[in-house]
Amino acid sequence: MTAKATKYLDRIDSPADLRKLAVEELPAYCAELREFIVREVSTNPGHLGSSLGAVELAVAIHYVYDTPNDRLVWDVGHQAYAHKIITGRRDRFHTNRKLGGISGFPKMCESEYDAFGAGHSSTSISAALGLARALQGEGGGTGAKCVAVIGDGAMSGGLAFEGLNNAGADPANDILVVLNDNRISIDPNVGALKEALLEICTSRHYNRFKNGTWRALKRLPRLRRVIQKVMGGAKSFFLHQSNLFESLNFRYFGPVDGHDVVSLVRALRDLRDLPGPKLLHALTVKGKGYGPAELDQTEWHAPGRFDPETGVRLGAASSAEGPVRLKFQEVFGHTLVELAERDERIVGITPAMPTGCSMNLLMERMPERAYDVGIAEGHAVTFAAGLAAGGKVPFCNIYSSFMQRAVDNIIHDAALQRLPVVLCLDRAGLVGEDGATHHGAFDLSLLRGIPNLTIAAPMDAAELRAVMYTASRRAAGEAQGRGMWVIRYPRGGAFEAEGLLEAPFEEVEVGRGRTLVEPPSDQARVAILSVGAIGAEACKAVEALAGEGIAVGHYDLRFVKPLDTELLERIAGRDYRYVLTVEDGVVAGGAGSAVLEYLSDRGFLADGLRVVRLGLPDRFVEHGTVQQLREQCGIDAASIVARVRGLVS
């Protein structure tokens, strides 16, 4: 897609500039905006499909509403690229998701137009309601309006329903919810809400009657209230069941064509000064305007680099160029299928991430034993606990940062009852360009203090298979071994497939670490204890130090709970003067803290042994490549080498 001369794009640096255009010019501007997004994302990867589908929504909302005085809240942020470009970030968009560049998500400290930050889903309605009430409370009200844009996938999250329930309870809540309904989040949406939206969309006669009547009575508010009651009867005539949103006291409008920007402007103008909670239902197409993204919406959610002219994705794995390599996620998916074939009690659960976590492999092989529960992490854990109470062994896969929403469910519904739920935390540690909202930084510190939990962090793919196998056997064993398991592993990896998936399963001893390098007692002053996949960086550091003549011990802790106390006491009993812990999580309360606590409580530190902890700092780590962020946090191989040199010098 060769860059074309633009008539509008370079003239629009703010919503104020946008409002200078005639309504009839907006479709041409949308086309230029869409082409710009495709070209930029083709060379600087990001979230393509969602943002292409929301171009007209972003343009129409900024055209009608007086942003930033009016507040616009985006849910998730995958759909907000057009919003960023309209609001003065076009010239910086090439830095999107890069170290030091703009964030891939709305971020309050980045722009006054980002009324509320967004990373995970289902937050926009609650946040917009809070903003609306705050604005209404300022000296009798500022007159500013609040709009929340939420996808139908995000609407499946429990928090969205809590927001709707609260907003609809008071007619004074002046808020507009724009439902961006494209039938898909990352994977196709599931659940009863999807069917309810379909029912609404197919009830054309009722919607046409209601919306036409409402517009005709725009200037007759008293008659409107009478007609509203009459329309309740019309609804029961046209529909088999009540409209969900109107049942929650939202005035419902739609469905409308979310890609007809002129009609969207007309609808939003009608709604802007209409008081109370209201919802505009816009039908959109994820990937709209770019053929390949429309045809394969899952792959083009975040496609990586691609040729915009041909749609050929660049850098895709090719077995012809070398051995097939697998990511941690793929190893998880294949291993789960293999375990499920061995044990009919095993089932899989994911909150709307089947392709991302490779649960789709079990869904394809055994669809009756795999569950996509929608964007509902707390429900996923409690649902898994219910399955476990009924005799199943559920493997519940949740991205680490999204698991934070389910901590209460983990404690009260699974761990407290010693239920055999295996919680697999994908994307643990630094995830890279998605930034602070997506890093799996807090899982170890959040979960380490919970009783009846086994927490494992495999260092590589073979270890992941072994730990999953062990969990499947131990989690549902006798009372002594029964309980919840947590297995954390990072995004990506590159493990040779040949022989990996064919290797026989081996059970690992729970709470036992591994000795990787152990020099003679009188030759080394530093012992490195790594946990999880960051151990690969520690291995590089140990090798580099050996090349400098500095002998260092290296131990893979493997389990954070229970700790391998025998290993710790053996290390403490040698001639090491320093124990250097390395983890891909916050250093406060993590694995290093567990080691420090144990050695301190047993009096080993009184003998002069010192524990030095490396991990993520006490701040939110921003976006960049994983390697850049590891260097920034001091947990890459070079930083470990430098720290050891400083200790032994």
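Buried means under 20% relative accessible area, partly exposed lies in between, and exposed means over 50% (1.4 Å probe, protein chains only). The model is predicted: local features need pLDDT of at least 70, side-chain atom pairs count only at pLDDT 80 or more, and totals for chains, interfaces and linings use all residues. Residues are numbered from 1 along each chain as its sequence is written, and side-chain values use heavy atoms, without hydrogens and water.

View A. Strand E4 (residues 251–257) runs parallel to strand E5 (residues 277–283), and five bridges join them. Strands pair if DSSP finds at least two bridges between them. Helices (H or I, at least four residues) and strands (E, at least two) are DSSP runs, numbered from the N terminus. Phe-253 has Leu-280 in E5 as its bridge partner. With helix H12 (residues 261–272), E4 and E5 make a right-handed β-α-β unit. Right-handed means that, with the strands pointing away from the viewer, the path from the first strand over the helix to the second runs clockwise.

**View B. The Tyr-290 and Trp-300 pair.** Rings of Phe, Tyr and Trp (its six-membered ring) pair if their centres lie within 6.5 Å; planes under 30 degrees apart are stacked, over 60 edge-to-face, the rest tilted. The count comes to 15 aromatic pairs. Tyr-290 and Trp-300 are edge-to-face, 5.6 Å centre to centre, with 65° between the planes. Both Tyr-290 and Trp-300 are buried.

**View C. The Phe-332 and Tyr-489 pair.** This pair is stacked, at 6.2 Å centre to centre and 25° between the planes. Tyr-489 counts as buried because its relative accessibility is 1%. Phe-328, Phe-332, Tyr-489 and Phe-495 form one aromatic cluster.
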